[in-house]
Amino acid sequence: MAEDTREAGAFPALRISQLDASELDHEVHSIFKTQLLKAFRYFSPGLLTKIEPEINAALRLLVWKFSLDAVEATIGQQMLGLRYKDDTGSSRCVRWISRKQRIWYAVLTVGGPWLKERSHDLSKMTQNIRHIDKFWKLLDWLSDLWKIATLANFLIFLQKGRYQKLIERILGIQAVFPRMQEARQVSFDYMSRELLWHGFAEFLFFMLPLINFRKIKNAALRLLLRPSSPGEPCGQPRCPADYKECVICGHWPNNPHQLGCRHVFCYYCIQVCIYIVYVDTNNPHQIGCRHVFCYYCIQVCIYIVYVDTNNPHQLGCRHVFCYYCIQSNVMADQSYSCPVCDGLPVLLI
């Protein structure tokens, strides 16, 4: 039994081991609760909300029954090879946690949080009972005192390495290693790598919003897709063979058309990519605008403009754009110029 004297040794547990065991216990409780909520996710919403304190208490009691009450260690302590030792006696022989201490542990870790979570509802239910409000005020005062004592106990634990929880100090139980542990081989390679990537990610999160990618994109487009001279056909000069073949269908051009580059197209071949619009300023219509690219050389050759005549804008050249089509580029790049002829900077009117 747990109350019997045992000849096994008890070796002090590392602070990090005790903290890790406590975190593992919290994670186990969270996992059980998540699985329970998933089992009821297809039921009516809010079904478990009213009894959530009872659910938490039942899960804590279930974990206590099959961990501390059964093998004298919590689930987190079992993973790390820890065990509770009884520190109340003065005997040199090692005595593990007693049955009485385990019961009081369950009362404080299960009943205490349940009473705290239910205190608001219970105070409303008993508000008509005489002098009961003094009890709830006393309970709030004890709760605040418990938090202060928990903080003080944690500071003492960091200094001396014993009694990581206030409950352990009250009950006189200490987490120890039941067997001698081998020397820990600590490698900081993973930690250093994580710290390096974390610092790099923080640097990127700080720097990326400061970079004007739209301005860089517009500058690259003006540099790469700039015509040879404003108003002149861009690209290489035409040779006689260019007039004999449509670059889309490969046949003799039928009703030949051009887009500003050296290539020649059939009218019906290029009609699928371009729409000729005649703007009647006396009868304005809001249509929008679009880009047209040469099928063969994939360079910007011409902008076919669908003018929003309710709010037309010019860039200082012969091309016209809708306000909302050009405003986003101007806000990102104050020196934005016409993307067709690389004209003057934009002056929104």
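**A first look at the pockets, cores and helices**

1. A pocket here is an open set of points on a 1 Å grid over the protein atoms alone, with protein on both sides within 12 Å along at least five of seven lines, and lining residues have an atom within 4 Å of a point. Grid points are joined across faces, edges and corners, and a volume is the space filled by probe spheres set on the points.

2. Please keep in mind that this is a predicted model, in which local features need pLDDT of at least 70, side-chain atom pairs count only at pLDDT 80 or more, and totals for chains, interfaces and linings use all residues. Residues are numbered from 1 along each chain as its sequence is written, and side-chain values use heavy atoms, with hydrogens and water left out.

3. Back to that pocket: 38 residues line it, and Leu108, Thr109, Pro113, Trp146 and Ile167 lie nearest its centre. Two or more lining residues come from each of α1, α2, α5, α6 (132-160) and α7, with α5 giving the largest share, 11 residues. By class the lining has 19 nonpolar, 13 polar and 6 charged residues; Ala, Val, Leu, Ile, Met, Phe, Trp, Tyr, Cys and Pro count as nonpolar, Asp, Glu, Lys and Arg as charged, and the others, Gly among them, as polar.

4. For the overall picture, the protein has 11 helices and 7 strands. These are DSSP runs numbered from the N terminus, with helices (H or I) of at least four residues and strands (E) of at least two. Of its 349 residues, 31% count as buried, meaning under 20% relative accessible area with a 1.4 Å probe and protein chains only.

5. Which residues make up the largest nonpolar core? They are Trp64, Leu68, Tyr84, Ile97, Tyr105, Ala106, Ile167, Leu171, Ile173 and Ala175. At least two of the core residues come from each of α5, α7 (166-171) and β3 (173-177). A nonpolar core is a set of buried Ala, Val, Leu, Ile, Met, Phe, Trp, Tyr and Cys residues joined through side-chain atoms within 4.5 Å.

6. Helix α2 (residues 52-65) is worth a look too. Its 14 residues should span 20 Å at 1.5 Å a residue, and its end C-alpha atoms are 20 Å apart, which agrees; the expected span is 1.5 Å times one less than the number of residues. Its buried residues are Pro53, Ile55, Asn56, Ala57, Leu59 and Trp64, and what covers them includes α1 (15-39), α3 (68-71) and α5 (99-125).

7. There is 1 cavity of 30 Å³ or more in the whole structure, and the largest cavity has a volume of about 60 Å³. A cavity is a set of grid points where a 1.4 Å probe fits but cannot get out. Among the residues lining the largest cavity are Ser22, Gln164, Lys165 and Ala175. Ser22 sits in helix α1 and is buried, at 9% relative accessible area. Beyond its neighbours within four places in sequence, Ser22 is in contact (heavy atoms within 4.5 Å) with Gln164 and Lys165.

8. Lastly, is Asn153 buried or exposed? Asn153, found in helix α6, is buried, with a relative accessible area of 2%. Not counting residues up to four places away in sequence, Asn153 touches Tyr163, Gln164, Lys165, Leu166 and Arg169.

Note on methods:
Buried means under 20% relative accessible area, exposed over 50%, partly exposed in between (1.4 Å probe, protein chains only).
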